[in-house]
Amino acid sequence: MGSEKKIILVTGGSGLVGQAIKQAKQQDPRENETFIFLSSKDGDLKDPAATQRIFERYKPTHVIHLAAMVGGLFNNMKHNLDFLRNNILINDNVLHNSYKLGVKKVVSCLSTCVFPDKTTYPIDETMIHNGPPHPSNFGYSYAKRLIDVQNHAYHQQHGCHFTAVIPTNVFGAYDNFNLEDGHVIPGLIHKAYIAKKEGKPLVVYGSGKPLRQFIYSIDLAKLFLFVLREYEEIDPIILSVDESSEVSIGEVAQIIADAFQLEHGIVLDSTKADGQFKKTASNNKLRTYLPDFQFMPLKDAIERTVQWFNLNYNIARK
């Protein structure tokens, strides 16, 4: 990308991935890069005029687009229309202002929920549009899929360099640790924190058998910087640990219980649903670019996240 001055605007900059990018860029600084991290306080990206003001104020040359309306399973099931409309508005405003102001590159963040509900495994980047997403969060999923459609349309019609990444389950400091709305690892960390306090076992919903690939937020942030700096394709790229690093929810719960030194162990509540058994994603494309990239071992990454939660309990989102 040369040595020209870059102004990199990060939407959704105060969240899990934005905070991790702050840290990763300090570990691998480039003199010609200036980062601007936006939060919702900087303006409503659903509003075209507010978005235009942000872009005209900062004049970014590059954009990392993380901002989205997100929520847990229950919230998604009740409000599919809101998730569809609000995310379409956010994405359209960010991409269209990027085009209008001549932004050189945009890297947007998709989600593995964009993939078809009925599919073969492992899933890869070519399969995004092969069938409908899971019905529980189709609004959010289709809005995210449309980013890929827009990226190709902006490239075809205007030559824009807009691309996207698809991370698997990300976790780390600054995550959403809400017991109802948080994802698996932050939810279990919060539950374990309470279990430790109350001298009770950690209750895990379901059989503990479903398999997932988890990526530590700092690893994801390093890969985001690689995509920003080096990745030239318009087609998206899956950012994930290897298939061999897939782990069961039960194993994750055990690592968390050990990190808290829980004295009363784990109880599996098999009256609760397991959800999808697996969502295995292939990182073959990533490995062709970065064959030697080292992911932090899951145990170490979870221990660091637990440590952060213990130290920052009062400010953590929960």
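Author: One term before we start: contact, or touching, means heavy atoms within 4.5 Å. Also, keep in mind that this is a predicted model.
Reader: Where does T280 sit in the chain?
Author: In the loop between β12 (266-269) and α9 (284-289).
Reader: And is T280 buried or exposed?
Author: T280 counts as buried, because its relative accessibility is 4% and the cut-off for buried is under 20%.
Reader: Switching topic: how is the chain divided into domains?
Author: Domain 1 covers 6-171 + 214-242, and domain 2 covers 184-211 + 244-280 + 297-312. Their centres, taken over C-alpha atoms, are 28 Å apart.
Reader: How many residues are in contact between domain 1 and domain 2?
Author: Ten residues of domain 1 are in contact with 17 residues of domain 2.
Reader: Now the sheet. What's the order of the six strands?
Author: The order is β2-β1-β3-β4-β5-β10, in an open sheet with parallel pairing. β2 (33-37) and β10 (237-239) stand at the edges with a single partner strand each, so one side of each has no neighbour in the sheet. From one strand to the next, the twist averages 20 degrees.
Reader: How many bridges join β1 to β2?
Author: Five bridges, with the two strands running parallel. L9, for instance, stands opposite I36 in β2.
Reader: And β1 to β3, how many there?
Author: Four bridges join β1 (residues 6-11) to β3, and that pair also runs parallel. V10 has I64 in β3 as its bridge partner.
Reader: Back to β2, how many of its residues are buried?
Author: Four of its five residues are buried, so β2 is mostly covered.
Reader: Which strands does helix α1 lie across?
Author: Helix α1 (residues 16-27) lies across β2 and β3, and it runs at about 155 degrees to β2. Helix α2 lies across β1, β2 and β3, at about 155 degrees to β1.
Reader: What comes in the loop between α2 and β3?
Author: K59 is found there, in the loop between α2 (48-58) and β3 (62-65). The side chain of K59 reaches the backbone oxygen of E56 at 2.8 Å.
Reader: Is K59 buried or exposed?
Author: Exposed, because its relative accessible area is 55% and the cut-off for exposed is over 50%.
Reader: How far apart are the C-alpha atoms of K59 and L9?
Author: They are separated by 8.7 Å, although K59 and L9 are 50 residues apart along the chain.
Reader: Last one, helix α4. What span should its 21 residues have?
Author: At 1.5 Å a residue, α4 (residues 80-100) should span 30 Å, and its end C-alpha atoms are 30 Å apart, which agrees.

Note on methods
Residues are numbered from 1 along each chain as its sequence is written. This is a predicted model: local features need pLDDT of at least 70, side-chain atom pairs count only at pLDDT 80 or more; totals for chains, interfaces and linings use all residues. Side-chain values use heavy atoms; hydrogens and water are left out. The expected span of a helix is 1.5 Å times one less than its number of residues. Buried means under 20% relative accessible area, exposed over 50%, partly exposed in between (1.4 Å probe, protein chains only). A polar contact is a pair of N or O atoms within 3.5 Å; within protein, one must be able to donate a hydrogen and the other to accept it, and residues adjacent in sequence count only if both atoms are side-chain atoms. Two strands pair if DSSP finds at least two bridges between them. Axes are lines fitted to C-alpha atoms, for helices over the stretch in contact, and angles run from 0 to 180 degrees between N-to-C directions. Domain bounds come from an automatic or database domain assignment.
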